[in-house]
Amino acid sequence: MKTLNIGLIGYGFMGRAHSNAFRKAPNFFKLPYQPVLKAACGRDEAKVAAFATQWGYESFETDWRKLIARQDIDLVDIACPNDLHREIAMAAAKAGKMVTCEKPLSMDGAEGLKMVAAIEKAGVPNMVWYNYRRVPAVTLAKQLIEEGRLGRIFHYRAKFLQDWTISADLPQGGAGLWRLDVNVAGSGVTGDLLAHCIDTALWLNGPIQTVNAMTETFVKQRKHSLTGKVEKVGIDDACAFLARFQNGSLATFESTRYARGHKALYTFEINGEHASIAWDLHDLHRLQYFDHRDEGRVRGWRNLHITDGDHPYMDKWWVPGLQIGYEHSFVHQFADFVQGLGEGTPASPTFREALATQYVCDAVLKSGSTQRWQKVKQVQDKK
Ligand SMILES: NC(=O)c1ccc[n+]([C@@H]2O[C@H](COP(=O)([O-])OP(=O)(O)OC[C@H]3O[C@@H](n4cnc5c(N)ncnc54)[C@H](O)[C@@H]3O)[C@@H](O)[C@H]2O)c1
């Protein structure tokens with residue numbers, strides 16, 4: 001079997017989630033390539049060396065440019081903060097490497113468009129890690145919608161709620177806290193959390209045409225971990241927006257890191273003329289389904305336990321009734337990517353597909369500052 005030599009950049013939260021996927025995918029899926037954990041890259045030599053040993057990487061680098069220059073790397077996987085995605089992805093594409101990149105694709109739409117142009121000019125396989133598409137219950141939602149079970153869709157409702165930045169003493173910048181530094185993150189909850197909600201929504205319900213948003217920064221100044229100075233906070237702490245989809249449906253989206261009691265409450269509900277579906281990340285192996293066509297006496301919300309062999313991806317795991325978790329969404333996404341390489345069909349979302357989310361985020365942030373409805377720029381089809 002041919003090998004797929006992987007070079008991972010960034011060994012934090014996502015570096016671990018991806019490494020786990022690289023290791024597990026060939027055990028549970030029949031893949032046309034054997035993934036090889038060739039090199040991990042991070043700036044701190046001792047830490048990246050320890051990571052490489054723990055996760056079974058053959059080697060490590062402390063400069064991502066050196067990793068990209070290596071002849072023995074086929075795939076560059078970007079799992080570092082958002083401000084580095086563009087430069088690394090474009091350099092990797094130029095070097096002829098396949099590129100998988102964490103979300104959000106870029107700091108904004110303009111930067112994302114340059115990345116799409118570079119990756120398509122190089123003609124290299126590419127994918128963005130919007131992993132929630134591969135939670136089996138979410139994939140099932142996609143199947144049910146495509147089968148027309150919901151009929152015409154009227155409403156889409158999504159939330160992503162957290163509570164970890166309420167303390168004004170929390171600094172911004174540096175390890176783990178780069179998400180609060182607008183120069184590194186690009187935006188706050190919009191690019192970090194709503195990007196997930198938007199990607200899922202575009203996938204399930206089609207393009208968004210217009211948005212009207214409100215954003216707020218509750219803590220306006222925070223000490224910066226790297227400079228030691230108290231600096232202005234440039235990110236949106238919370239964002240709520242209205243949206244109109246091309247299919248005529250209306251939507252509300254909300255995200256915040258100030259919802260005391262909620263850790264990662266990503267939920268969505270979709271209401272169609274015949275049926276509704278609802279999903280909740282805290283209960284990710286379940287899909288709620290209501291079908292008005294059921295006989296009235298037994299009609300009600302069905303609580304589907306997505307663990308059976310005929311549910312998406314589940315025939316690859318254990319036996320019916322035994323559920324899987326968060327990390328499996330990354331295993332599924334990587335397996336789809338490698339299977340796509342074998343078949344010549346790219347796994348979604350590609351860079352071009354992920355650019356659509358960037359454009360919605362741009363319009364949301366602009367609306368938040370102008371207090372006006374904004375049109376969303378649409379991604380053109382590949383020529
Ligand atoms: N798909 C998801 O659900 C999901 C979840 C969390 C984060 N993310 C995305 O993943 C990316 C990384 O987030 P994270 O939570 O893993 O962050 P993290 O802070 O846990 O890890 C970031 C890693 O990047 C490394 N890094 C920073 N600068 C570097 C450089 N110049 N060269 C090499 N390595 C460098 C850091 O040392 C660290 O190992 C972000 O784009 C984020 O938005 C996606």
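Reader: Which residue in E14 is the bridge partner of Ile-270?

Author: The partner of Ile-270 is Ile-277 in E14. The model is predicted, so local features need pLDDT of at least 70 and side-chain atom pairs need 80 or more, while totals for chains, interfaces and linings use all residues. Numbering starts from 1 along each chain as its sequence is written.

Reader: How do you know that strand E13 and strand E14 pair?

Author: Two strands pair if DSSP finds at least two bridges between them. E13 (residues 265-272) and E14 (residues 275-280) have five bridges, in the antiparallel sense, so they meet that definition. Strands (E, at least two residues) and helices (H or I, at least four) are DSSP runs, numbered from the N terminus.

Reader: What makes E16 and E17 edge strands?

Author: The open sheet has nine strands in the order E16-E15-E14-E13-E7-E12-E11-E8-E17, with mixed pairing. E16 (301-305) and E17 (374-375) each pair on one side only, which is what an edge strand does here.

Reader: How do H8 and H10 cross?

Author: The axes of H8 (residues 189-205) and H10 (residues 351-370) come within 9 Å and cross at roughly 125 degrees. Axes are lines fitted to C-alpha atoms, for helices over the stretch in contact, and angles run from 0 to 180 degrees between N-to-C directions.

Reader: Why is H8 called oblique to H10?

Author: Angles under 35 degrees count as roughly parallel, over 145 as roughly antiparallel, 65 to 115 as roughly perpendicular, and the rest as oblique. Roughly 125 degrees falls in the rest, so H8 is oblique to H10.

Reader: Which residues of H8 and H10 make the contact?

Author: Among them are Leu-194 and Ile-198 of H8 and Val-360 and Val-364 of H10. Two residues are in contact if their C-beta atoms, placed from the backbone, lie within 7 Å. By class, the contact has nine nonpolar, three polar and one charged residues. Ala, Val, Leu, Ile, Met, Phe, Trp, Tyr, Cys and Pro count as nonpolar, Asp, Glu, Lys and Arg as charged, and the others, Gly among them, as polar.

Reader: At what angle do the axes of H6 and H8 cross?

Author: The axes of H6 (residues 136-146) and H8 come within 9 Å and cross at roughly 30 degrees. That value makes H6 roughly parallel to H8. Val-138, Ala-141, Lys-142 and Ile-145 of H6 meet Thr-200, Trp-203 and Leu-204 of H8.
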